[in-house]
Amino acid sequence: MTPAGPPRHDPLRPARPPGDDAAPAPLDVFLSGQLFFDMVFTGLEAAPAPGTEVWTTGMGSLPGGIANLAVATSRLGLRTGLAAGFGDDVYGRFCWQVLREQEGVDLSRSRVFPGWHSAVTVSMAHDGDRSMVTHGHPLPVPQADLVGSPPPRSRAVITELALPHDADPAASASDGASDGAADAPWWLAARDQGAAVFADVGWDPSGAWDPAVLERLGSCHAFLPNEVEAMAYTRTPTAERALAALAERVPLAVVTCGADGAMAVDATTGESARVPGVAVEAVDPTGAGDVFGASVVLGTLAGWPLEERLAFAALCASLAVQQFGGSLAAPGWGDIADWWAATTTRARAGDPRGEELERRYGFLADLLPTDPVGAVRRAEATFALASDL
């Protein structure tokens, strides 16, 4: 089910073959991972100390975890499918409704588990960063059971790399038997069906940064770590050298540098590029990396030049951090169009910053929708209204 209101902009329509809109439409992106119900508090002057109570100026409730990517890709117009476990509690029902009905995510490979409660994260944004507290239980079945064999066909998948010997955390919650999923992750089957694999990595709290994680890059189309992760895994002293090392392993290597932008090498096109970030006053950085990655996937599937892909991703990430919460902070095409209109207005008024941004993002004029698009929904203080359930 798609959201009510004006139809969504489809940036891939010019590249779609005839009849591609016929139901059921094929997926552009397929995702699988852990879902959380997020409660986000903003405007804290400092983290709460033991024995104290802190009042905040803002609060929002929204789906989190893998939902950050699912919403980001869907809002950019990509047909998105998700395999995730949902609790049968109010939190889970709310997340299901938001993802399927509001955001138009295909949940046919997702499942609601009776008696299993949703994982919940409380995020507190302060001092330009955030602190989080999470409670949850392992998925009742291995993640591979949700994905299915074979996985649904899609043009791309987005996944997080892990060591080949890393166990599926859900395995111990089912029958304890190994089904080989840890040694043959689901996305390899998706790749064998023609999907381009876009990979990322998570933070390594052990500090080991085992380079063996990179061994699976030979099966991936793209790798998008941040500069700290890239340098740590490649054992290099600079982001530039880390990018060069990664470019020897994967066709599209991207290293993100936070507010300083990103750099990349695309061996499939022979391009290399580096773009600055878009300076904004950040409210909450949660999900900015997911928005950046979703934008790169869109630009790659659409065949945009590398510099435009990176610039577009940097812009979308900058729009996201001006909202709080992860998934529902992701921009839609209406947000991008509004930013472009404001930027060109500043440029026409002679504002130097507006003029520079207009030059850098001139390619947007050919990408923006010509028809009205629906506004996206942001995180709200109450996690659900009666009409939502």
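## Strand β1

Strand β1 (residues 27-32) is mostly covered. Six of its six residues are buried, meaning under 20% relative accessible area with a 1.4 Å probe and protein chains only. Strands here are DSSP runs of E with at least two residues, and helices are runs of H or I with at least four, numbered from the N terminus.

This is a predicted model, where local features need pLDDT of at least 70 and side-chain atom pairs count only at pLDDT 80 or more, while totals for chains, interfaces and linings use all residues. Residues are numbered from 1 along each chain as its sequence is written, and side-chain values use heavy atoms, with hydrogens and water left out.

## Partners of β1

β1 runs parallel to strand β9 (residues 154-160), joined by three bridges. Strands pair if DSSP finds at least two bridges between them. In this pairing, L27 is opposite S154 of β9.

Strand β4 (residues 80-83) also pairs with β1 in the parallel sense, over four bridges. Here V29 faces T80 of β4.

## Helices α1 and α7

Helix α1 (residues 67-75) packs on helix α7 (residues 288-302) at an angle of about 40°, with the axes 9 Å apart. Axes are lines fitted to C-alpha atoms, for helices over the stretch in contact, and angles run from 0 to 180 degrees between N-to-C directions.

N68, L69, A72 and T73 of α1 meet D290, V291 and A294 of α7, with contact meaning heavy atoms within 4.5 Å. By class, this contact has four nonpolar, two polar and one charged residues.

Technical notes:
Buried means under 20% relative accessible area, exposed over 50%, partly exposed in between (1.4 Å probe, protein chains only). Ala, Val, Leu, Ile, Met, Phe, Trp, Tyr, Cys and Pro count as nonpolar, Asp, Glu, Lys and Arg as charged, and the others, Gly among them, as polar.
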